[in-house]
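Dear colleague,

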Amino acid sequence: MRAPDLASSQSSPSAEDGGTISSGDVTSSGAAGGPASERIGALASLLSWQSLGAAVSALLAFVIFVIVAPHFLSLGAWASILLLSAELGVVAVGVTLLMITGEYDLSIGSVAALAALVLAVLSAKGVSVVLALIIVLVMGIAIGLINGVFVTFAKAPSLIVTLGGMFFWQSVVLASTEGYSKPLHGYGLVGTLFASTWHEFSVSILWWLAVVVIFGFVLRRTRLGNHIFATGGDAGAARNLGVHTRRVKIAMFVLTAVLASLMGLMEVGRYSSANPTIGQNMELTAIAAVVIGGTQLSGGSGSIVGATFGVLTLGMIQVGLQLAAVPPYFFEGIVGLILLAAVLINLYTGKLTMRARS
Amino acid sequence: MPLLQTQGLTKRFGRVAALGGVDLKVEPGEVVGLLGDNGAGKSTLIKILAGVHRPTTGTMSWEGSPISLASPAEAIRLGISVVYQDLAVVNSMTIYRNLFLGREDAVSRRIGPLQMLDVGKARAESRRLLAELGVHVKSIDVPVGSLSGGERQSIAIARAIHFESKLLIMDEPTSALSVKESAKVLGYIEAARRKGVAVIVITHNISSIYPIVDRVIVLALGRTIAHASRRDGSTFPSATDLADLIVGVRTSPGVTESSVNTTGGGGDICNP
């Protein structure tokens, strides 16, 4: 009962992240083709275009700043925009996947600062750079595991668990640095790997691209991705069908903590020192970018491409405001407004799905 | 040889006897109505058949050989799939993603550490399976939540057919549906039977499934109180008789086959 031949003519690979519905897919039936089902079809195509809102907001930001901000189209401006976007974008990928499973991580910023600090401390102790990087990686995995186990086995809400983590690791960083930066001794490899530049453009952009492409693929085209959607969409049904929802959530906590550590490495590589303010507010900015990117706060649906547009939007605003000589204090205000608009759009599309269910 | 047979199944939870002796028989490719009022022990029985609970006493056999289901995975491996009332599909996911959820290896290949989905194949298979069941959807890329209740049940049935389940257990598949939608679901169940899948339909409403059942089993207070088959030549009870049995208006089934068994152990607490 496998492998039908009729399939080959219809099974065009669909670019699912943008527009799944191709007209060739419609299985026509005389009876069911009423206006109601048409509306559902149109709705579905709208939903699979959930990243469209973020693409539009990115385009809008681009057009506005091209008009109001001098030199917005310069290479230097884009080197800055992409650098900021890369650092935020790497963690936003973790935040997106985690949010699709229905969970949050507020400890990202503190974990990034901790990763940077640990690397600096190890460099001062003369530990080899490769070993130091491995230690940072293992630490990220361990923190993610702790978060995940608390949430899945102790059934504590992730907001609280990771809020605790945020305070705890922040305190560890501040207590051991007393608020001062810790310089990196040697460790040229860290600068090369995470912060070297080519015509002003940072290598971190490549890391960002790689993370986006790999996990965009994982989400849309693999079993794990299917399980991520199922875990956040309906954990009970997913478990009944053999999805290990706890394992999926723990894996996403681990991924998020590791990506936060990677972000910390980018920053420590860039400044050649671990600044305790690394990652400050990063957790909230990342959530903002992800929500602007169309991911539902309730889990079950979301898009890495959308989050990437959300990140780019914020990067353009941050740099564009500077170029337009607007005081940086306005940045958060504007992000707040965009976020509100995005959340209303998300809620509205969510409600449409509910309505289509009768 | 029966596909599934149980004898004297009992289940106690502490001092509570949920099942007090259940005898049940399912032949390959037949539709069995498992009837009983709320609290009759239907849910406990399904969970035993699904490998979620282990019976306290009693035996089960599958295709002639004795089995003890240690886990849901083992039940699935034998070819038993269970469709729970509200927990069978993920509404936010598309039809084809739902169909292969948890069984992605059928439409994927391994690349390094990842199991890559062959989306084209998954969609084509989904389209074919739904067409076989007579389900007409506009696109298999819509979220399952946008389908009607009956169509959602069809996803679970299509899944059982694709994975060549031998026994599909459906918990109250029509209870939340309109008459028209219920009729559709019955059609899907009959299509599954044509494919050789045996189906146990659990319900407290006999009239909803009476036209399609080959066999009925009535549970009351944790015991099998009646057992009848359309195929063994004896008189088959009418829907009214069965409804009376379910609610306890009638306690001695006059029209059932000999396998009625009330000698199962335990279960006294359940008795009125």
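This is a predicted model: local features need pLDDT of at least 70, side-chain atom pairs count only at pLDDT 80 or more; totals for chains, interfaces and linings use all residues.

B:E30 is buried, with a relative accessible area of 0% (buried means under 20%, exposed over 50% and partly exposed in between, with a 1.4 Å probe and protein chains only). Residues are numbered from 1 along each chain as its sequence is written, chains are lettered from A and ligands numbered from 1 in the order in which they are written, and side-chain values use heavy atoms, with hydrogens and water left out.

The partner of B:E30 in a salt bridge (a side-chain nitrogen of Lys or Arg within 4 Å of a carboxyl oxygen of Asp or Glu) is B:R215, with 2.5 Å between the closest N and O atoms. Because B:R215 lies in strand β11 (residues 215-220) and B:E30 in the loop between β2 (16-26) and β3 (31-35), the pair ties together parts of chain B that are 185 residues apart in sequence; strands (E, at least two residues) and helices (H or I, at least four) are DSSP runs, numbered from the N terminus. B:R215 is buried as well, at 4% relative accessible area.

A further salt bridge joins B:R193 and B:D214, at 2.9 Å between the closest N and O atoms, and both residues are buried. Salt bridges with shared partners also link B:E125, B:R128, B:E132 and B:K195 into one network.

Best regards
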